[in-house]
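Welcome! Here is a short briefing to read with the sequence and the 3D view side by side.

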Amino acid sequence: MTFNLVLAYVGVALMVGLSGIGSVYGLTICGNSVVGALKKRPEAMGTYILLSALPSTQGIYGFVGYFLLQGFLTPEMTPLQAAAVFGAGVALGFVGFFSALRQGQVCANGVAATGSGHNVTAGTMIMAAFPEFYAILSLLVLILISGTI
Amino acid sequence: MITKMKKYTFLVFHREYEQFLLRLREAGVVHITEKAEGSVENLLLNEQIALLQRLRKAQAAVAAYVPKGASLLTAEGNPLAEAKALLTEFDAMTADIMQLEQKLAAVNKEVQRMRVWGVFSSEKLEALRRAGYNLQFFICNASNYDPAWETLYHAFVVTEQGGNVYFVTVNRNNEAFSLLAEEVKLNACDYTRLQTDAEGIQHLLVAKQAKTAAWAIANLNRLTVAADELQRRIDWTRVTLNTDTVADQSLKLLEGFCPEEMSAALNRQLDADKIYYIEETPAEEDATPIQLKNNFFSRLFEPITRLYSLPNYTEIDPTAFFAPFFMLFFGLCLGDGGYGLLVLLAGLAVLWKKPAWKDWGWLAVFMGISTMIVGILTGMFFGIELEKVAFLKPVRQYFITDSNFKEACHGYSPMMVFAICIGIFQILFAMGFKVVKITLQKGFKYALYDLAWLVFLIDSIVMMLPMLSGNTFAAGVQYALYGVAGVCVLLILFYSNPDRKFLVLNIGSGLWGTYNMASGLLGDVLSYIRLFALGLAGGILGNVFNQLAMQVGGGLPVWIGWLPMVLIMVFGHGLNFALALISSVVHPLRLTFVEFYKNASFEGGGKEYRPFRK
């Protein structure tokens, strides 16, 4: 019983922790780029914020994941439920981490280009949505798992 | 909505051209078509643009020196002729101020450094040196200070501060020795004299700033007039550069666009001036400028449209179509009735105090109302769960909360289900928008493929609805739905390109489109889950700060307990509100620009309508 809970909580920790850390890295990469771009074009701050905030989503997915799974985290949870929570958590955690990291790099390039006077906001947003798609897929897997256990 | 335009081609005799341009500028309704090479190849224009940039920059800098409430002097004479001199004068004044500020900072730093050494006479120190006494000043960590130095090197401790010992050694001649301490070179003046210097610089700085302020009052309007006049000249130069000379340089040819509703007045003026012109409907390949014309509510959202890109002339303006969604999404992301009330109050304050920003004020009012409605419906007000409030017991079953509706939503949070549903609705709406757009641009047969997808998706959703309640449709309805789906599948697979001679050849692109739609739709729909997550996160954080305040404040006597309680609540909710506010703007923007625009097949690339006028 205790092992089941421990396994599930490790999964939750990886899910929330890794996806959150990914968002932290992604946002920091963008933030650094914004500081540089601000020196060139401070008037484009609105666009910078828009692009820089995109990698925050993966951390939110981790949080949603916890919210969906919290009902299973009881002393009565079965080994199957524990394994499912662990697996879904690991998947969302890792995919969320790398997705946010890579999305941050895409957005940082967009910020730098915007700072240099190019109008690339739309293109950057679309390109940045691609790496996020896989974090969404992981979240979908988690939703489906939470519906079957 | 995009204002309908008329394209004009003017043909004017070269001697009358200047007069014609003056009259055209007076009319102020024609947007001149720019040639690609027009603006970059002219040295004069580049110089004018560079000067204008300097003037605009200086305007803001000069305005910062104008004291609050001061009335500016009116601009007289010819400010543009003196623009360069004015800029040089201002640059010199600001350079002086900057130099004094740097000097003051350096002297103040020196005052701090020298304060520990107290008051001394540099003349007496010099006299001691001349008499053969070598004085050296040191700083070392208190633990490194060796009292034996007092005997060996005649060390005297001046002071002890911050764990450091400041001391001086007095020796005859220049006997070399080394100590475990940092030697300091003293300033020729002690800190009191340095302080006097700093005060002198400060006075000078204040005087310079006052002089610059007086200069700003006298010249800010002159700079503004000069910049505006230069802007007019630049516009003029641009127009002349975008004019073609034809018929052995005797005729001038100019193209422009005018809003349809103003074309009658323009035509009357042109006829009266005996100008030859052609008025026609813009062709698809023309770079027709865009003037948005929306109702009061939609107009507030036009800056969002501009942030991405203006629609091109062949498109439909999406502003009115995403505006209600954006307002709802903002409310869902912020998700707290109390925070909505703050946004509403901020909007009203802007409307009251800053009439110039009234559009932003109204936008905040609408966003605030949306958030209040969402927050109250979902039972959250400044982090307080309304369903747990005693006096709201009679209405607690109406709040859209997990405890009331989770079971009805098959174990899922009702707000999560709502976020997904509103996402599906917006995507279907965007696809409908695309069908109308393609129909208007190319014709209905080109929109059939997208219409088939739209109908197929709606049909599929309708087929799935009975599953949720465990019922089934009547057989006839079921077959009708299958039939519609079948027709849609045929169109999707074989009608992706109506121009192909053999529609069977479309199957490849039909399958590829199906793959893209399946993978894209999934990501797009799930992306709306952020609406639920952000609202939930904001609400929970607000609730946590409330609990924290109660715990800390409740554990103390009442007379002092309220203080940490209020501090935690103000700080906590302030932080939560600020973060949630940023997210509530950014994430709806993303849903609009990525999910909505993608499914609506928004192209953009329109150029703003900027008429040639005074």
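Chain A has five helices and zero strands, where helices (H or I, at least four residues) and strands (E, at least two) are DSSP runs numbered from the N terminus. Along the sequence, chain A reads α-α-α-α-α, and its C-alpha trace spans about 60 × 20 × 20 Å along the principal axes. This is a predicted model, in which local features need pLDDT of at least 70 and side-chain atom pairs count only at pLDDT 80 or more, while totals for chains, interfaces and linings use all residues. Residues are numbered from 1 along each chain as its sequence is written, chains are lettered from A and ligands numbered from 1 in the order in which they are written, and side-chain values use heavy atoms, with hydrogens and water left out.

**Helix pair in chain A**
- Helix α3 (residues 57–69) of chain A packs with helix α4 (residues 79–115) of chain A at an angle of about 165 degrees, their axes 9 Å apart; axes are lines fitted to C-alpha atoms over the stretch in contact, and angles run from 0 to 180 degrees between N-to-C directions.
- That makes α3(A) roughly antiparallel to α4(A), a term for angles over 145 degrees.
- The two cross in a right-handed way, meaning that the near helix is turned clockwise from the far one by less than a right angle.
- Among the residues of α3(A) that meet α4(A) are Y61(A) and G65(A), and the α4(A) side includes L92(A) and G96(A); contact means heavy atoms within 4.5 Å.
- By class, this contact has five nonpolar, six polar and no charged residues; Ala, Val, Leu, Ile, Met, Phe, Trp, Tyr, Cys and Pro count as nonpolar, Asp, Glu, Lys and Arg as charged, and the others, Gly among them, as polar.

**Helix pair in chain B**
- Helix α2 (residues 43–63) of chain B and helix α6 (residues 191–241) of chain B cross at roughly 155 degrees, and their axes come within 9 Å.
- α2(B) and α6(B) are therefore roughly antiparallel, and their crossing is left-handed.
- Their contact has 16 nonpolar, five polar and four charged residues.

**Largest pocket**
- The largest pocket is lined by 26 residues, with I420(B), C421(B), I424(B), M464(B) and V525(B) nearest its centre; a pocket is an open set of points on a 1 Å grid over the protein atoms alone where a 1.4 Å probe fits, with protein on both sides within 12 Å along at least five of seven lines, and lining residues have an atom within 4 Å of a point.
- α14(B) gives the most to this lining, with eight residues.
- The lining has 25 nonpolar, one polar and no charged residues.

Methods:
Angles under 35 degrees count as roughly parallel, over 145 as roughly antiparallel, 65 to 115 as roughly perpendicular and the rest as oblique.
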